[in-house]
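Dear colleague,

I am handing over the structure we spoke about, with a short account of what was found in it. Please read the notes with the coordinates open beside them.

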Amino acid sequence: MNQITYPNDGLRQLVEGYRHFFKGNPPRKGFCALHAEQIAHTQNPHSMVISCFDSRVCPEAIFATNDGHICVHRNMLNQVDPKDASMMASVRFAVESLQVQNIVVLGHSNCNAVAKLKDLQHLPQQIAAWLGGCGAQYRGDSYEQAIKNNVLDQLERLHNIDFVAQAMLERKLHLEGMLFHIHSGRLERYSAEEGRWNLVETEE
């Protein structure tokens, strides 16, 4: 069993929440009127998750988080597009105002948006404009590799954002690449030190 080390407590909570999700006993409490008062006046999320638009991928469920623990930005292809005002505003607010410990780029298996990168000319104009305009590429010798490489490309874009780089330099922020396998519920993390993807153990 691989021993997981955590750069901060927020990432530990994400991994432990995922284990609850995988075992089918998530402690997550859904938002309701009785719970609303507890979070009505403030939020203190430990992580931001940049996730795909795919309806089968729900970060709050995958990480079994309570409301207020993570903030999520979703778009087709889980893109970090410096030209997208909504994306940049969300990242800046998360880093500078919410002071999140982590930004997680969460890709997923069977990502239809990655597959469509090979055939943009036959897509509706709005979809082609987003996928092509944000600079994403189908990069890899296999479909799975292209999906994983897309996650790594987005991490690289985050590294190149000045205020993100500054927060990392000050050791206030950690970037993480993850891949959720829809068919099995398994989660992989990318290890920059090892240069490879590793399955997250479902047991402590």
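The notes below take the sheet and then the aromatic rings.

This is a predicted model, in which local features need pLDDT of at least 70 and side-chain atom pairs count only at pLDDT 80 or more, while totals for chains, interfaces and linings use all residues. Residues are numbered from 1 along each chain as its sequence is written, and side-chain values use heavy atoms, with hydrogens and water left out.

Strands β1 (residues 47–52) and β3 (residues 102–108) are paired in the parallel sense over five bridges, and Met48 has Ile103 in β3 as its bridge partner.

Four aromatic pairs were found in a search of the whole structure (ring centres of Phe, Tyr or the six-membered ring of Trp within 6.5 Å; planes under 30 degrees apart are stacked, over 60 edge-to-face, the rest tilted). The centres of Tyr18 and Phe22 lie 6.1 Å apart with their planes at 45 degrees, so this pair is tilted. Ring pairs join Tyr18, Phe21, Phe22 and Phe180 into a cluster.

Key: Two strands pair if DSSP finds at least two bridges between them. Helices (H or I, at least four residues) and strands (E, at least two) are DSSP runs, numbered from the N terminus.
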